[in-house]
Structure formats: structure tokens, C-alpha cells
Amino acid sequence: MKILLLGGTADARHLADALHKEGLNVIYSLAGLVRVPKVDCQLVVGGFTQFGGLAQYLTDHNIGAILDVTHPYAQTMSSKAVIAAKEVGIPCWRFHRPAWQQEEGDNWQDYQDEADLLAQLDGFRVPLLSAGQMSEDLLKCIMQLPSIERIVWRTAVEPKFSLSDNIYWIKAIGPFALEDERQLLVDHGIDVIVSKNSGGMATYSKLVAARELSIPVLLHARPILSDAEREFSDTEECLQACLAAWGNASIHIKHQQKDSQQ
């Protein structure tokens, strides 16, 4: 039985390696826009359009189950996974890390979409944009807000368009140290942070620094996703469930193959 693990996160790499070590036949898939990790199992990079779509890939490669461990904001891929799994009649499970929870001293506000973000940014001077890729139009709209003096924009991938002099772009990939995040906010005079509620520890330190410096944070609300057959928020629980459901069959086949060779 082959398991297609939709990845692109540290959690996905961890689960792919753990399942592979337990003898499961895992195919790890990711877009590969930022970097391609080293994994011991089979790797598919660049999406499924190259194979005629996800459902076609599942059929052609005899995939028995999908484990969706994409980023919590990868709404399109997660939705396609649920639809394609139903189409070919296989289970689709999902792991997403828990969202960050507000603590005492935090000043967080959710925003739903770009219009909501623009409304909430009005009145701030120097935002740190750390919510990933943004469109050229959105950045222009932010710069056109009367109160905005300049923008600090941090992403893992270089923008595909030229930036105005008032936008300072930083290329960086987490994890980030608290001391560095604190220094970044102070050096640039940041008065608001824009982020996704990604969860995990890799980029959480900016929120701790914001708490210490009393800087408000605007968090993009997590998208509502199509329901998967089973959903997990703990990696160990997810791993054990996968092994219980799919591990015995894989290990049994492995032993059969070894016996036939003797």
C-alpha cells in the first residue's frame, strides 16, 4: 500500500521519515517553492498538474491513502486532496499543527481578507509583513494608506516584482531567535506585525517579542477546510494512528517478500 504524504512543513518531514522507518511505502509531495528537503522516501516535487491532476496520479500510482500535512493555509491543496480521495475511493487524513493561542499581554486581532487587513492597518506607520507572499496590488494599497510611512516585508521566497523604495524586503526562513526578532522590531521601528496563525515554534518568537514590546499583531484567520476523514493536531497521535491503520499491512507484505526470497 502506497501513502501519498502532502508536505511542505517540518511536521510533514518528521512524519514522512517516521513512517518510512517503520516500513511504510511513503511518497512525499511538495511544491518545492522554498527548498527541497532531504527525505529517505520517494519524493515528488512541483504538484500534480504534470501528471494530469491529483486524481489521475492517485490512480496511476496505485495510492492507497492520502495524509495531508500541508501548511494550515494551503487551502487549495487540502481541498483538492479531499475531493480527489473521494473520487478514487481512498481515505484522506489530515494533520495540522494547533493554532497559536493568545496569552496575557498579547494584543492580537484576526483579519479575514485583504480588505479587512487594510482597514485594520489604517493608523499604523511601519508594519512588519510576515504572512508570506503578498500581491503587488496589496502592497501598493498598504503603501497608499495615509498613515503608512514604510513597510518591512519578510518572506522565504524573493518577490516576482520590483518593490518601491519604501518597502524593505528581508529574505529569511525560520526558526527565528527571540533576541533577533526583538532587535528587528526595535531597529525598524515596527508598530504592528502582520502574520498568519501558523502554529508551531519556528516563527513564534516574533509574537513573544511583540508581547514584550507591546506591539499589536494582526493575524490572518485560518481558512475553513473541507473535512478530512480523520484529523490530527498531535504528530505522535497521527503517527500511531497511521501505523495502526496502514503499518501492519505494509510490514506483513515486507515479511512475505523476504520469506519468498529465502
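## His71 and its surroundings

In this predicted model, the side chains of His71 and Ser198 are joined by a polar contact of 3.3 Å. His71 sits in the loop between strand E4 (63–68) and helix H3 (75–88). Leaving aside neighbours within four places in sequence, His71 is in contact with Thr9, His96, Lys196 and Ser198.

Is His71 buried, exposed or partly exposed? His71 has a relative accessible area of 27%, so it is partly exposed. His71 and Gly199 are 128 residues apart in sequence, yet their C-alpha atoms are 9.6 Å apart in space.

## Ala81 in helix H3

Ala81 belongs to helix H3. Its relative accessible area is 0%, so Ala81 is buried. Which residues does Ala81 touch, not counting those up to four places away in sequence? They are Leu6, Leu54, Ile66 and Cys92.

Pro91 lies ten residues from Ala81 along the chain. The C-alpha atoms of the two are separated by 9.8 Å.

## Helices H4 and H5

Two packed helices are described by the angle between their axes and the distance between the axes. Helix H4 covers residues 114–121, and helix H5 covers residues 136–143. They pack at an angle of about 20 degrees, with their axes 10 Å apart. An angle under 35 degrees counts as roughly parallel, and H4 and H5 are therefore roughly parallel to each other. H4 passes H5 in a right-handed crossing.

Which residues meet here? From H4 come Glu114, Leu117, Leu118 and Leu121. From H5 come Leu138, Cys141 and Ile142. By class, this contact of H4 with H5 has six nonpolar residues, no polar residues and one charged residue.

## Helix H7 and its cover

Helix H7 spans residues 205–213 and is mostly covered. Seven of its nine residues are buried. These are Ser205, Lys206, Leu207, Val208, Ala209, Ala210 and Arg211.

## Where H6 meets H7

The axes of H6 and H7 come within 8 Å and cross at roughly 55 degrees. That angle makes H6 oblique to H7. The crossing of H6 past H7 is right-handed.

On the H6 side, the meeting residues are Leu178, Glu181, Arg182, Leu185 and Val186. On the H7 side, they are Ser205, Lys206, Val208, Ala209, Ala210, Glu212 and Leu213. By class, the contact of H6 with H7 has seven nonpolar, one polar and four charged residues.

## Backbone features in the loops

Where is the cis peptide bond? It joins Gly174 and Pro175, with omega about 10 degrees. Pro175 is found in the loop between strand E9 (167–171) and H6.

Asn62 is not a glycine, but has a positive phi of about 55 degrees. Asn62 lies in the loop between helix H2 (54–60) and E4. At 60% relative accessibility, Asn62 counts as exposed. Ser214 follows H7, in the loop between H7 and E11. Ser214 also is not a glycine and has a positive phi, of about 60 degrees. With a relative accessible area of 62%, Ser214 is exposed.

Definitions and conventions: Residues are numbered from 1 along each chain as its sequence is written. This is a predicted model: local features need pLDDT of at least 70, side-chain atom pairs count only at pLDDT 80 or more; totals for chains, interfaces and linings use all residues. Side-chain values use heavy atoms; hydrogens and water are left out. Helices (H or I, at least four residues) and strands (E, at least two) are DSSP runs, numbered from the N terminus. Buried means under 20% relative accessible area, exposed over 50%, partly exposed in between (1.4 Å probe, protein chains only). Contact means heavy atoms within 4.5 Å. A polar contact is a pair of N or O atoms within 3.5 Å; within protein, one must be able to donate a hydrogen and the other to accept it, and residues adjacent in sequence count only if both atoms are side-chain atoms. Axes are lines fitted to C-alpha atoms, for helices over the stretch in contact, and angles run from 0 to 180 degrees between N-to-C directions. Angles under 35 degrees count as roughly parallel, over 145 as roughly antiparallel, 65 to 115 as roughly perpendicular and the rest as oblique. A crossing is left-handed if the near helix is turned anticlockwise from the far one by less than a right angle, and right-handed if clockwise. Ala, Val, Leu, Ile, Met, Phe, Trp, Tyr, Cys and Pro count as nonpolar, Asp, Glu, Lys and Arg as charged, and the others, Gly among them, as polar.
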